[in-house]
Amino acid sequence: MILSENWLREWVNPDLDVEALAHTLTMAGLEVDAVTPLADGLNGVVVAEIVLAEPHPDADKLRVCSVNTGTETVQIVCGAPNAAAGLKAPLAQPGAKLPGGIKIKKAKLRGVESQGMLCSGAELNLSEDHDGLLALAADAPVGAPIEDYLDLNDRLIEIGLTPNRADCLSIAGVARDLAVVTETALSAPAIEAVPASIDQTLPVEVTAPSDCPRYLGRVIRDVDVSRPTPLYMVERLRRAGIRSIDAVVDVTNYVMLELGQPLHAFDLDALEGGIRVRKAQAEERITLLDGEERVLTPDTLVIADHQKALAMAGIMGGEGSGISTGTRHLFLEAAFFAPELMAGRARHYGLHTDASHRYERGVDPELAYQAVERATQLFLECVGGEAGPVVDITSEADLPRREPVTLKASSIQRMLGIDLAANEVTRIFEGLGFTVKADADSGSWLCTAPSWRFDMGREADLLEEIARIHGYDNIPVEPVRGAASAGALAESALSQSVIKQRLVARGFNEAITFSFVSPELQQLIDPVIEPVALKNPISSDLAVMRTSLIPGLLGAAAHNLNRQQNRVRLFETGLRFMPGQQLAQTPMLALLLCGRRMPEGWSSSAKSVDFFDMKGEIEALLQAADQTLAFRSAVRPGLHDGQTAEILLGDEVIGIVGRIHPRTASHMNLPEQTLVAELILASVASRVLPDYQEISKFPEVRRDIALLVSREIPSAAVVDCARSAAGPSLADARIFDVYEGDGVSENEKSLAIGLTFRDQSRTLTDEEIGESLLQVVESLGEKLGAKLRH
């Protein structure tokens, strides 16, 4: 929100300089981002008139102009396309120093002397328009300093508003807060009802009252659109970043900036029948004022006549019914649209307008009456005409309700640490427009928020109002009192920080991605689950809540690979959101590997990571906490069949690990060997406490066996079978070689297993070891069809 200091001071003028004024606004919750002087660098710039404009003898795009400065006629060489005799424009005379440090002096352009420079709005830092000279009004006094003529002894105050303060998207809203903070009188312009001088009305029908609870309309006949917009209005619009178009459009924009109510004026002669506020029809099309045709969705509210859609409600008007030079009669509308309807609607169509910005945050439903009268008043002043009666279609049942909220004096002391007099609390809330009922006996106030505040629903909101109006600077700073206590983490639990430190120690980097993802990417990874869609997504690429952390990590990996990172190792902790009767939010841990196995170096291999690298990382993470870990072959959409496994702790499935499907890798321009894993964070954070076991004083004995088994049998199944058959004397069993090739049939593989035997109380005999070994071989043969390889 950009506003003029001079305009603001017409409404409320506290005895503060601009720096103190900006600080006061910031401390009241209206953060001032910048204060920009308008007249900075405009000394030596005057109003001038082009008397004669002739082509340059040696340049097709330049003109040689005779310019009246008020004291003399000088020669100026100018390249602006609108330079013509009779035009009045700013002239920077020799010696002037423009914004940006440009110093003006006499010069020759293609051999012709130029005694200054005619200026565009951009060159004077008055606007962003640099396509031509800044055209001034025909009655502009020649020779007058430009800062005096345009009243540029002003400053622009840029305020960064939070989304809940839509009431301050206007001069009136900011002035109201400033008046209460500084205890200064508010001087709003007098707005009186304009009596109808004609009887003509236009029938209005609202078929979607829940979306448009209030719609006001008024016919204004015999306007003269050719009249120029008053200079004060043009300047105030320009300083707010709005370009002057014509007097009718300028008035609607001016009232929006002044009061905060978006308005729209239709060409009455372009309307057929009456006005209908309705939902769009399927595949209905409309060409908006930006010249672009858009196909409307059935949930879009439109303003229509009896034949066609005229405007997208609360967003932008249509091209066919807009104001033109031939417009003679107007239909003025002011409406309240439900913020829930407007949220995200403009972005859905790739639009963002001043009207949609206000409507989606909430416009005062009572403001339409005042805005219609103010706009009518200005229309009659600027373009003349006769006004008809106001048509009011209101559905009281669908208007927002303001429930009273109780504020206790004890809460002010407890939460803010200040004691305020009861009459000061009442002054603050009544100044902000609240209806206040004070109860001296109970020391409380029953406060009902004004119609323009949509963010007052609990006592904490009222306390925030007290704090910002009383002044954060005026709240005493005191040390925290009370005994501090630190919660102790159970010994069987690992903190997230420890888990993250272990992953970082193993070469991973933490990623933090959005909790919402692209619907297309979500479909690739989790096509079975219908994710929760956002009503108001910040973009179409972030439109659904994630049911897995994997899509976000894939996007982060693609981002890094596109920036020449050849080894990407990422992890993320966060919530996944599973739909259901109640949204289930589960903390998860996700890992990703792709690229080189080892960092680039003269002694390292350039081999890429594979499934077993990710499996090893999971084993390192979980087995460090003495977890009983297993992997079981699985199938999951988005991951490669045959290279995907469930992760089990005991009998509980706690996650999934696998290589992403080639189709997914191709879609995201990722290497085919991109490995991902996702685990339930609570399972990773829990651990089995180790029990002390005495180290045996007796020697261990190792026996190696080579087995032939089917290729389809997982190696882990062979090891598990051997452990269960060997008996209590088996201390360790591990596969140390796998062979497939000559001497082994195509459907088999050879596994070499090392079995280590040991007893805590004595030395094992060869007979005991041989018996255990025989049990292992027989069990493997019976259960898995394994046979010794000779």
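The crossing of helix 20 and helix 21 is right-handed, a label given when the near helix is turned clockwise from the far one by less than a right angle, with left-handed meaning anticlockwise. Helices here are DSSP runs of H or I with at least four residues, strands are runs of E with at least two, and both are numbered from the N terminus.

The model is a predicted one, in which local features need pLDDT of at least 70 and side-chain atom pairs count only at pLDDT 80 or more, while totals for chains, interfaces and linings use all residues. Residues are numbered from 1 along each chain as its sequence is written, and side-chain values use heavy atoms, with hydrogens and water left out.

On the helix 20 side, Ala717, Val718, Cys721, Ala722, Ser724, Ala725 and Ala726 meet Ser772, Gln775, Val776, Ser779, Leu780, Lys783 and Leu784 of helix 21, where contact means heavy atoms within 4.5 Å. The residues of this contact divide into nine nonpolar, four polar and one charged. In this scheme Ala, Val, Leu, Ile, Met, Phe, Trp, Tyr, Cys and Pro count as nonpolar, Asp, Glu, Lys and Arg as charged, and the others, Gly among them, as polar.

Tyr232, Met233, Arg236 and Leu237 of helix 5 meet Asp250, Val251, Asn253, Tyr254 and Leu257 of helix 6. By class, this contact has six nonpolar, one polar and two charged residues.

Turning to the strands, an open sheet of three has the order 1-10-2, with antiparallel pairing; two strands pair if DSSP finds at least two bridges between them. Strand 1 (2-4) and strand 2 (31-37) stand at the edges, each with a single partner strand, so one side of each has no neighbour in the sheet. The twist averages 25 degrees from one strand to the next. Strand 2 and strand 10 (residues 155-160) are joined in the antiparallel sense over six bridges, and Thr36 has Leu156 in strand 10 as its bridge partner.

Strand 20 (residues 330-336) is mostly covered, as seven of its seven residues are buried; buried means under 20% relative accessible area, exposed over 50%, and partly exposed in between, with a 1.4 Å probe and protein chains only. Both of its faces are covered, with Leu330, Leu332, Ala334 and Phe336 on one side and Phe331, Glu333 and Ala335 on the other. Strand 12 (residues 214-221) pairs with strand 20 in the antiparallel sense over seven bridges, and Leu216 stands opposite Ala334. Strand 13 (residues 264-267) also pairs antiparallel with strand 20, over four bridges, and here Asp267 has Leu330 as its bridge partner.

Strand 22 (residues 405-408) has a covered face, made of Val405 and Leu407, and an uncovered one, made of Thr406 and Lys408. Four bridges join strand 22 to strand 24 (residues 444-448), and the two run antiparallel. Leu407, from the covered face, stands opposite Trp445 in strand 24.

Some loop residues complete the picture. Most residues other than glycine have a negative phi. Asp151, in the loop between helix 3 (146-149) and strand 10, has a positive phi, near 50 degrees, and counts as partly exposed at 43% relative accessibility. Glu283 lies in the loop between strand 14 (275-279) and strand 15 (285-287); its phi is also positive, near 65 degrees, and at 59% relative accessibility Glu283 counts as exposed. Glu360, found in the loop between helix 9 (354-359) and helix 10 (367-382), is buried, with a relative accessible area of 15%. Not counting residues up to four places away in sequence, Glu360 touches Pro339, Met342, Ala343, Gly344, Arg347 and His352.

Definitions and conventions
Axes fitted to C-alpha atoms, helices over the stretch in contact; angles between N-to-C directions.
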